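Keep the 3D view open while you read.

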Amino acid sequence: MKFPSKKTVAKGSVSFVIALITIFTLSSKMEAQANPTPTAPAATESTDQTAPLEEAPQATQEETKAPEKKSEIGLISLFVTGGWSMWPLLLASIVGFGVIFERLYFFFTAKLIRKGFNQDLEDAIQSSGLAGAENFLKENEGQRITDVLKNGMEVSQNDPEIFASGIEREAGEVITLLEKGLTVLSAVSTIAPLVGFLGTVSGMINAFDAIANADQVNAKVVAGGIKEALITTAAGLIVAIPAMTFYQYLQGKVGFFTSEVEEAANKIYKEYLKVKAGKKA
């Protein structure tokens with residue numbers, strides 16, 4: 001410590017301060033000699049405090065090692081755990097998704113009917129009769145509905161009944177082409193859940209068999225069979241749900257095309273009836 005010195009401070013005050021410093025120094029030395037062991041508890045406390053610090057890394061290492069024991073769930077492990085029923089479900093999924101992709105490609109590339117086709121056909125018939133319908137079909141070539149109506153008119157010989165029979169035959173051929181593969185898709189959506197439920201029954205049988213053969217029953221004894229049962233059930237639903245969804249979607253597109261053909265054919269059929277009755281030339 002440094003004390004400020006001034007010229008007005010007497011020499012006696014300086015000597016008094018020096019004396020106080022000397023007294024405090026001697027007293028501290030005497031206390032240190034009288035109590036030589038106070039530092040020991042500090043040492044023991046430091047050792048006690050350092051001991052948990054040395055054990056802490058071991059605890060953290062054990063905690064970091066614990067997650068490594070957990071098994072990771074993957075598709076291959078789930079497939080193997082599911083048992084024999086996963087193989088027919090895999091085959092069903094390949095067939096189902098193959099049909100879905102092929103049908104989607106067909107419907108998006110095939111020109112079935114454009115928007116507003118029937119309304120434009122009706123306007124053409126009202127303006128020019130059957131001649132207007134023929135000209136309209138020539139202007140809209142390349143569509144499936146145009147081919148059906150055009151072929152029906154070609155074989156009609158101006159007879160409405162012959163025209164109706166021709167339309168039924170032509171439309172039936174096109175609808176058969178549109179429905180290609182939908183039967184397989186319907187079968188996949190129906191069979192896949194049944195195979196999954198059969199795998200569920202198989203897994204439960206394995207679980208009860210493990211209970212029967214075990215001396216002590218615990219969760220680990222039945223976990224394998226129950227896991228197999230749940231995996232097969234989920235796999236069956238995973239295959240069936242997309243198959244049923246796209247079956248309904250594609251069937252809806254077929255139904256829409258069928259209704260549009262019926263509507264267009266009825267317009268031309270009525271015009272044939274008028275011509276036959278002599279009401280319109």
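At what angle do helix H6 and helix H7 pack, and how far apart are their axes?

## Two helices side by side

Keep in mind that this is a predicted model. Helix H6 covers residues 144-154 and helix H7 covers residues 160-178; they pack at an angle of about 150°, and their axes are 8 Å apart. An angle over 145 degrees counts as roughly antiparallel, so H6 is roughly antiparallel to H7. As for handedness, H6 passes H7 in a right-handed crossing.

Who does the touching? On the H6 side, the contact is made by Arg144, Val148, Leu149, Asn151, Gly152 and Met153. On the H7 side, look for Phe163, Gly166, Ile167, Glu170, Ala171, Val174 and Leu177.

Now find helix H5, residues 117-139. With 23 residues, a straight helix would reach 33 Å at 1.5 Å a residue, but the end C-alpha atoms of H5 are only 11 Å apart.

Which residues of H5 are buried? They are Phe117, Asn118, Leu121, Ala124, Ile125, Gly129, Leu130, Gly132, Ala133, Phe136 and Leu137.

## A pair separated in sequence

Last stop: Val275, which sits in helix H9 (residues 219-277). Val275 has a relative accessible area of 27%, so it counts as partly exposed, since that label falls between the buried cut-off of under 20% and the exposed cut-off of over 50%.

Val275 and Asp159 are 116 residues apart in sequence, and in space their C-alpha atoms are 9.1 Å apart.

Terms used. Residues are numbered from 1 along each chain as its sequence is written. This is a predicted model: local features need pLDDT of at least 70, side-chain atom pairs count only at pLDDT 80 or more; totals for chains, interfaces and linings use all residues. Side-chain values use heavy atoms; hydrogens and water are left out. Helices (H or I, at least four residues) and strands (E, at least two) are DSSP runs, numbered from the N terminus. The expected span of a helix is 1.5 Å times one less than its number of residues. Buried means under 20% relative accessible area, exposed over 50%, partly exposed in between (1.4 Å probe, protein chains only). Axes are lines fitted to C-alpha atoms, for helices over the stretch in contact, and angles run from 0 to 180 degrees between N-to-C directions. Angles under 35 degrees count as roughly parallel, over 145 as roughly antiparallel, 65 to 115 as roughly perpendicular and the rest as oblique. A crossing is left-handed if the near helix is turned anticlockwise from the far one by less than a right angle, and right-handed if clockwise. Contact means heavy atoms within 4.5 Å.
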